[in-house]
Amino acid sequence: MRRLLAIGEALIDFIPAESGKEMKKVSSFAPAVGGAPANVCGAYVKLGGKAAMITQLGEDPFGDKIADEFAACGIDCCYVKRTTKANTSLAFVALKEDGNREFSFYRKPGADMLMEASDIQKDWFNDVFGLHFCSVSLGDFPMKEAHRQAIQCATETGALVSFDPNLRFALWEDTEALKRVVCEFAPMAHVLKVSDEELEFITGCTDIKEALPQLLTGSTKLVIYTRGSDGAECYTRTACAFAPGEKVKAVDTTGAGDGFIGSFLYCLSADGVTASSLDSLTKEKMQQYLTFANKFCGKSVMGYGAIASYPTMEEMNS
């Protein structure tokens, strides 16, 4: 099974000691390794795959913590750079009474933001299954161009490119700039994951079927539409599929969407699906992958944290 690479932020999520409170009323926070691309690698590795993270950490104790935990859970750190020019990024999270999450980020700049295009080497992408990325690191700083370089290298070597916008409005002073960059980078991906909370912002449509002509453009061959506990849908230009969500009692949804796309990508890789063969996926295969990813999510939200809560293949089969 070939490796998955992910590029973007690896940071420390500070998880609240209690839920149902806005951030200013939370009594304490516990540090946990996070960052959406890192979580996707974690899900892929937990299931038995091999993954490597492309990022930059500060030369600080939080950077050490991330590197140590990557190594412990099996995420390859060979493309993780360290710098003294900025600290490792931090994100404080609170779960409010209405169930929505509140974020406060400390990365002005963070070490990950300063990674440059010249840091990306084409030979990293030899015999790689895919490259995954999100929008958090696509702001107007060097890491954006590192993404562009990585996507180009992945595409040239035939790897599958996957994009989950994973919108974080708190990081953008201008939300229109966020929309523009998502619409710029989405057509570069072969697989695009969009949630029900993101669809209208990105496309102006509230109906996924109305939005599809905007999403299935450029290199994009497969659109995954997630609706939380209501299930998930998959669309190519010739087929579509749906799988219901898992009805479980969630204790922590941190990293659930990352776990979904990480486990979905694992299914694609395990079946030998490539960028060039995405078009030929059948309804039955897409439904199988969605069902697996929904089950993975259902198990993960019953535990705390992101990577720590992800099930292994043995746990998936139990």
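Okay, let's start with the inside of helix α3: its buried residues are M143, K144, A146, H147, A150, I151, C153 and A154. Keep in mind that we're looking at a predicted model.

So what do those buried residues pack against? There are strands, namely β1 (3-7), β4 (51-58), β9 (128-134) and β10 (160-164), and there's also helix α4.

A quick word on α3 itself. The helix has 15 residues, and from its first C-alpha to its last it reaches 22 Å, close to the 21 Å expected at 1.5 Å a residue. After α3 comes G158, and its phi is positive, near 85°.

Now, on to the helix pair. Two packed helices get described by the angle between their axes and the distance between those axes. Here, α3 covers residues 142-156 and α4 covers residues 175-185; the angle is about 15° and the axes are 12 Å apart. Angles under 35 degrees count as roughly parallel, so that's what we call α3 and α4. Their crossing is right-handed.

Who's actually touching? On the α3 side you've got K144, H147, R148 and I151, and on the α4 side V181, E184 and F185. Sorted by class, that contact has 3 nonpolar, 1 polar and 3 charged residues. Notice that K144, H147 and I151 were also on our buried list.

Last stop, a loop. S229 sits between β12 (222-226) and β13 (232-235). Skipping neighbours within four places in sequence, S229 is in contact with G245 and K247. And P244, 15 residues away from S229 in sequence, is 7.6 Å away in space, C-alpha to C-alpha.

Technical notes:
Residues numbered from 1 in each chain as written. Predicted model: local features only at pLDDT ≥ 70, side-chain atom pairs only at ≥ 80, totals over all residues. Heavy atoms only, no water. Axes fitted to C-alpha atoms, helices over the stretch in contact; angles between N-to-C directions. Helix = DSSP H or I, 4+ residues; strand = E, 2+ residues; numbered from the N terminus. Parallel < 35°, antiparallel > 145°, perpendicular 65-115°, else oblique. Left-handed = near helix turned anticlockwise from the far one by under 90°. Contact = heavy atoms within 4.5 Å. Nonpolar A, V, L, I, M, F, W, Y, C, P; charged D, E, K, R; others polar. Expected span 1.5 Å × (residues − 1). Buried < 20%, exposed > 50% of the residue type's maximum accessible area, 1.4 Å probe, protein only.
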